[in-house]
Amino acid sequence: MSSPRPPSRPSRPRPLLVGALAAVTTAAVCLTAAPAQASPAQAAPGHAGTVKAAPAKARQHGHSRPPAAVSDPAQYVNPFVGTLPGDTDWGNGGGAGNTFPGADAPFGMVQWSPDTVTYQHGGYYYNDNRIRGFSLTHLSGAGCGDFGNVPFMPVLGASPVSSYTFSHANEKAEPGSYAVTFDNGLKTELAATQRSGTARFTYPAGQKASLSVDAAKAFNGADGSVTVGTNTISGYTDSGGFCGAGNKYRIYFHASFDRNFTSTGVVAGKKVDTSRKKVSGSSPGIAPASPKTAKSQRPPGVQKAPKRRVQVTGKAAAAGAQAFVSFDTSANRSVVARVGVSFVSLANARANVSAEQGGKSFDQVRSGARDAWNGMLGRIGVGGGSDTDLRRFYTALYHSLLHPNVFSDSNGQYMGFDKQVHKAAAGHAQYANFSGWDVYRSQVQLVALIAPGEASDIAQSATDQSAQGGYFDRWTVANGGTGVMVGDPLPIIVSSVHAFGATDFNASDALSRMVDGASKSSERPAYNQYNSLGYLPSGQGGVWGSAATTLEYTSADFAVAQLAKRLGADDTYTTFLRRAQNWKNLFNTGNKYIQPRNSDRTWPSFTPTQQNEYVEGNGAQYTWMVPYNHRALFDLMGGNSAVTPRLDTFFSKLNGGPDAATAYLGNEPTLNTPWAYAYAGLPYKTQDVVRRALTTIFKPTPDGEVGNDDLGEMSSWAVWASIGMYPEAPGRSELVLASPIFSSVAIDRGNGVTITVNAPNASASAKYVQSLKVNGGTTTKPWLSEAFVKSGGTVDFALGTSANTSWGSAAGDAPPSFDAPAVSTPVGPITGLAGKCVDISNSDTNNGTAIQLWTCNGTGAQQWNAAGDGTLRALGSCMDVKSSGTANGTVVQLWTCNGTGAQVWQPQSNGTLKNPQSGRCLDVTGGNTADGTRLEIWDCSGASNQVWHLPT
């Protein structure tokens, strides 16, 4: 057994959230009004519970929490949100949240939830009234299928059934538990701890009480084996294949019952063979294998998920490795089962039940699960707001805290990416299931904000995955990578949680692996092309969406730079911050879009709505995805005056889908864009768009999400929007402000730090900031600093129903953007052919002024600075290739520095100056030495008319 945890990392005496260990603090103010009744199409009775006061309990986190207006936030959670499509299926995983309503603990390993006959990613489709089983594992909100392992199905009679019908009126879901009564009177109740679950099956009187358990059934193809004991059912299942990828995992399970079986057997064909106690088998998958990797894409580079629903019938519903048992319920009609799971061993599965449930009754486990959820949900206490606001908020917060999942067992053991057993450090847990491409944007930041201990373990877990697997994968399931989606998101996750103060992990090791992984094809496909060209060229093999992936790489570079800076690795910081500006190489100064580019630096044909060379979005949507350097992007677009109408048009639709040149807030690539107005001096427009998106896109009903929740990412956006702030830049913790929908927000950071937000006039219509105070001081800045997030404090909003267009409008008020660092370099003449100098004609500073050869005279027109960003600067502007041309003979001119490839000049060992955008060198036209001879670009030859001497 090996341990990847660094010896220097001390154990943390922090209890994991197990059962009732996470206690809930109640507040002085309790809501007493019952929630409004919803129609059956919106929410079935009992879905979100009723408003009630919880008994006072003491928190066990070593510090006090600020008072909040909601004492039992779990009452406002509707786990059914996202189980019904809320908008058009745009082909990127469906138009629903793809959530599940079953029993789960915060970040729990077990997600015991019902699966309907009609399959939807997540396992549950709200409009289907047939349940085919209650499986132990689920992913919340993914755009592909995986898990759904080991369904349990209570049965009336002596043979298995394919499904039973039910009514939503007889169904209830709340944080930590789920219950349903079938139309035949058979009731199932489920509750969960982190690594185990308990069920109570109540059978109608006078009916034969039975149960089936299938060890070889999952949402994807599965194999497995099951063994029946006197009052136990145990075994293992092998499955995987997320999004059609090759990931595999094994889950062990052990179930014990509160009474012995009266009969046992295994299912053979359609009959129960009572002579057998063990069976192995397999079953086909039912989840559509949505293509989400570069390998699976078809020309011209975009592949949409199939728009179809699967009915689990026929062979897909047949037995895989199914045990079938019966009970005597004449004296007690309720049968209680306790089930543990482990990715390591059957012994660990048994031990997880013992460690987390002990001798607790079903009701005690269920109560403990609710307490655990209230302990986490209560980290953000809100006051004011409507019933809808409260339900939307706490449901979104709940969905944000389902993943990643605790993966290590109660004894610390876990299965690593190297297929070896490892052990987490004492007081820590290993986590799994990283929806990297999605959650790096705001979900992990939310976890780090309110649960830095858990976030630190998540960062260490990602680092361990890299150590054991050899690289950071983009989307991991259990103990394997899938290669799903694009970019290099796990380094962003690690850097971001560190920025938010979740630093209890080996960050130095993480940084080293990030730097190493940036030059690995397993982590960054086509990294050589990215490093040499400064972008991924159109049509690049092994890459899905060259333009999108380039932007993802630049965000990863920026995040690596930020972690390096925090750790004092200044050279790494500088290198990666410069690389983070590679997005400029895809900015076409002609059409003002970030677009695909050919390997020869030319621009292919382009339309803003094209999806070719993008990923689940289009050119219009991805052009804004430079969340750490909006200032440079906006300057290239022509300044704030040019940006504003573009943003206004962009937000004329909030969820236009990937075919429209508007926002697509049902998917991740445009999530940062509503906050971009603040960088253009228009924070009141951010306040408007964020509030409109929050109140129209997110609803506390089954159809309350318009796209995949993606393991909590979309829900986390709703949480941030509700409290009026957002972590825009990856790897940093500044928070860009909109406005809170609640009159008060009390954030317990879980580490002794609190953030209090007061907005006494907040309402659905009062969304505009009139003035702001931070820690008592008046400010016009629409953002909070990293120092504030770290130390905490108070934010006071004065809100109104009319926009204050002047507040936050000054250039100095804008949130920070991060460009390449300035480098101090020598200033002097650039000499060339015949000893003459590179000169700006007539010392003219206008754009387009010719750059020529001239007798050296010491004027400012000949004083050049070879800047650290690769530009050559004089008279306040840059040497530029006219119109970003790439052809031989294209002339060179003076132009405002804009960071494009047309202004980059790379000194070569033979003395030439190469423009990488064109691949050609600075050249004296015709080798003419006469004063006034214009400079141009030409094929690099190393001839004397291309040799230059820079100032030293």
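Colleague: What makes strand 39 (residues 837-840) and strand 40 (residues 851-854) a pair?

Modeller: In this predicted model, 4 bridges join the two strands in the antiparallel sense. Pairing asks for at least two bridges, so strands 39 and 40 qualify. Among the residues involved, Ile 840 stands opposite Ile 851 of strand 40.

Colleague: How do you know that strand 40 pairs with strand 48 (residues 933-938)?

Modeller: There are 2 bridges between these antiparallel strands, and the definition needs at least two, so the pairing stands. Leu 853 has Thr 933 of strand 48 as its bridge partner.

Colleague: Why is strand 13 (residues 248-257) called largely enclosed?

Modeller: Because 7 of its 10 residues are buried, where buried means under 20% relative accessible area. Strand 13 also pairs antiparallel with strand 12 (residues 232-240) over 9 bridges, with Thr 232 opposite Ser 256. With strand 19 (residues 334-342), strand 13 forms 6 antiparallel bridges, and there His 254 faces Gly 340.

Colleague: Which residues touch the most other members of the largest nonpolar core?

Modeller: They are Ile 380, Tyr 394 and Leu 397, in a core of 216 residues. Helix 10 (residues 546-566) gives the most to this core, with 10 residues.

Colleague: What makes Val 70 a contact of Tyr 394?

Modeller: Contact means heavy atoms within 4.5 Å, so Val 70 and Tyr 394 have heavy atoms within that cut-off. Beyond four places in sequence, Tyr 394 also contacts others, including Pro 73, Tyr 76 and Leu 377. A second, separate core has 22 residues, among them Ile 830, Ile 840, Trp 905 and Ile 937.

Methods. Residues are numbered from 1 along each chain as its sequence is written. This is a predicted model: local features need pLDDT of at least 70, side-chain atom pairs count only at pLDDT 80 or more; totals for chains, interfaces and linings use all residues. Side-chain values use heavy atoms; hydrogens and water are left out. A nonpolar core is a set of buried Ala, Val, Leu, Ile, Met, Phe, Trp, Tyr and Cys residues joined through side-chain atoms within 4.5 Å. Buried means under 20% relative accessible area, exposed over 50%, partly exposed in between (1.4 Å probe, protein chains only).
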